[in-house]
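Could you walk me through this structure in the viewer, one selection at a time? I would like to know what to click on next and what is there.

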Amino acid sequence: MLGFLQHPVVVTAEVNLNMVALTAVGLLSRLWQLAYPRAVVFDEVYYGQYISFYMKRIFFLDGSGPPFGHMLLALGGYLGGFDGNFLWNRIGAEYSSNVPVWSLRLLPALSGALSVPMAYEIVWELGFSHCAATGAALLMLIENALITQSRLMLLESVLIFFNLLAVLSYLKFSNSQKHRPFSPRWWFWLVLTGVACSCAVGIKYVGVFTYLLVLGVAAVHAWHLIGDQTLSNVRVLCHLLARAAALVALPVLVYLLFFYAHLLLLYRSGPHDQVMSSAFQASLEGGLARVTQGQPLEVAFGSQVTLKNVFGQPVPCWLHSHQSTYPMIYENGRGSSHQQQVTCYPFKDVNNWWIVKDPGRHQLVVNNPPRPVRHGDVVQLVHGMTTRLLNTHDVAAPLSPHAQEVSCYIDYNISMPPQNLWRLDIVNRESDTDVWKTILSEVRFVHVNTSAILKLSGVPLPDWGFRQLEVVGEKLSWGYHESTVWNVEEHRYGRSQEQKERELELHSPTQVDISRNLSFMARFSELQWRMLTVRGDDSEHKYSSTPLDWVMLDTSIAYWLHPRTSAQIHLLGNVVIWASASLATLVYALLFVWYLLRRRRRVCDLPEDRWLRWVLAGALCAGGWAVNYLPFFLMEKTLFLYHYLPALTFQILLLPVVLEHVGDHLCRSQLQRSLFIALVVAWFTSACHVSNMLRPLTYGDRSLSPSELKALRWKDSWDILIRKY
């Protein structure tokens, strides 16, 4: 019965020593003196602020990408015990003792180190030799720009890691498809492909390029699968559903999960709140949530409200008025109504308060019980501090002459009667009888007399308007836009009919407590939209560059300079690798076109299996370079050399593939192959030499004289290399 105990339990495993060695050397190259320099290096000043926000649970908005990458960096800070108390105000600032520098830089370094053996695996899974796979890994290992970027608290190395993981997982899934479809191994690699793609997109939006590449290759394979007559219709349907679930539905769910965790962690109000809607701000602890606590939910006749423009461009602002009037004559000689100015003011102020008045009654207080304002009701808006009514008429606006001037009406006893009736239009209502709600309702005010809509033009007024933003009456024919939509942010029920008492009331806190819970999907949708539309800093930077500069490595970035010595870190690539990778891409394209033309004439230079392998390698490697590089020509943003690193990674994978193909298929004789191998060895030796030569700028651990620094610029390095060899 217990006979199985008479024999030892034996477990056998195959260990690829190439992978072990490459992983070990990759870790050594990335983790060596990782905490040096103990100072803020380039974009660490940018990401460090967000890590501090995570540590303190303060909400922030970053338009550069989704939150997954920031959360990974924050995880390093959390594991290192970082409390978030550091002022990330300048590059080169020394880190205080409470900042766990090694821990904060650990995850990017691990990502960069693991990308080395992953490059080996990808080339091997593509069906090429161990020699080619080792060559790809070694090129990843010694490329100076990849080393530099992965040793700092930056996200490019993490993005590259998940890009490569997505490609590797799909290749392993595709190879499993040939042998055991629907096996646990098959499902594992398929699901991991979807998760890796979602992680790549979750780190930076440019990760979507690799995701689309994998989807494209998967779609082509699925198309061939549909044409496989050996499979039943049910089997084909199961294959398609599995791919749709793992490569489309799962990445969407994982992407949503990133935002769910992000919003769960950042529940406190912070400096970026104002770009969000009032409803979003009210969902955060502190800030507007504190200000609006206890507000009545339903707006009634007699309510005192502040009206925030939903568009929030160029800055968030509130409908505002003050005692000053429009100039009688503008600088261009055009006349105005000389009525009281109405603007949009980007700061909270007592002059932002308005009273919602019933046109049929004189009272400015809320009845008991309150009479709620509904969609379609006609109202008057009375400025709280001056008691003048919001008005528009057939007078051109100050800076937008195609639109009507908006004012608070002053009776000058001239032939300009008041036109102060506005119809309420609730744009996000669920029915035609919906009540106007605080924060939740998005409304438009349609002028009864002229059908113009109250709109923020966003143009700053001159000095006579105190540089506040222009508000106009726009005709309905101009259509819907967020600049015409407003929502009630602060709200109270008016209690006093007397002006002096009402002015005191406008400064007092509200009393009634109404809970407002914004759903996760509503918060996600708004945050995602803001992240996609928020304008970044597009100003020129000292180290900005163009995509054309990247290919020829005609640019670099000075990341850090020691304050007392001349030791420094530069993002500078290995010119031998960059030039060879570009040449390999060109050679692949020419060979692919040549083979394609020959196959069209029924001349097959490659057997079918090797042709398919050649095409797949080009689709993933050359295609990976193209999709991660060419879109930057269309982007209107400040670009830097590090934006090219994901594309370069795919080129590096393609380089040994092309070299092996040339050696195996284009070198006909043994002599040609021997010469070719000698050239490859000399080329790799030169790449290693340049990498070692640039080491002081990669690690920044040695002082450099001005002449030594000049000699390490790639053009000068290339000249030195030519003279030496």
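Start by selecting Ile91 and showing its neighbours. Leaving aside residues up to four places away in sequence, Ile91 touches Val40, Val41, Phe42, Val45 and Tyr559. Keep in mind as you go that this is a predicted model. Ile91 sits in the loop between helix 3 (68–79) and helix 4. Now pick out Phe42 from that group: Ile91 and Phe42 are 49 residues apart in sequence, yet their C-alpha atoms are 5.7 Å apart in space.

Select residues 101–125 for helix 4 and residues 156–177 for helix 7, and give each a colour of its own. Which way do the two run relative to each other? Their axes are 9 Å apart and meet at an angle of about 30 degrees. Angles under 35 degrees count as roughly parallel, and helix 4 and helix 7 are therefore roughly parallel to each other.

Now jump to Gln528, which belongs to helix 14 (residues 520–533). What does Gln528 touch? Not counting residues up to four places away in sequence, its contacts are Tyr205, Tyr255 and Phe259. Gln528 has a relative accessible area of 11% and is buried.

The following stop takes in a region named in a record. The UniProt annotation "domain: MIR", from an unreviewed entry, covers residues 296–359, 370–427 and 431–491. Select residues 296–359: this span is 41% strand and 0% helix, and its end C-alpha atoms lie 22 Å apart. Then select residues 370–427, where the chain is 40% strand and 0% helix, with 23 Å between the end C-alpha atoms.

Finish with the cysteines. How many disulfides are there? The count comes to one disulfide. Cys317 is in the loop between strand 1 (303–309) and strand 2 (318–325), while Cys344 is in strand 3 (residues 340–345), so the bond ties together parts that are 27 residues apart in sequence. The torsion about this S-S bond is about 90 degrees, so the disulfide is right-handed. Cys317 is buried, at 0% relative accessible area, and Cys344 is buried as well, also at 0%.

Two further cysteines are worth a click. Select Cys131, which is exposed, with a relative accessible area of 65%. Last, select Cys199, which counts as buried at 6% relative accessibility. The sulfur of Cys199 is 9.3 Å from the closest cysteine sulfur, that of Cys197, and this too is too far for a bond.

Methods
Residues numbered from 1 in each chain as written. Predicted model: local features only at pLDDT ≥ 70, side-chain atom pairs only at ≥ 80, totals over all residues. Heavy atoms only, no water. Disulfide = S-S within 2.5 Å. Helix = DSSP H or I, 4+ residues; strand = E, 2+ residues; numbered from the N terminus. Buried < 20%, exposed > 50% of the residue type's maximum accessible area, 1.4 Å probe, protein only. UniProt positions renumbered as here; feature names shortened; annotations may be inferred. Axes fitted to C-alpha atoms, helices over the stretch in contact; angles between N-to-C directions. Parallel < 35°, antiparallel > 145°, perpendicular 65-115°, else oblique. Contact = heavy atoms within 4.5 Å.
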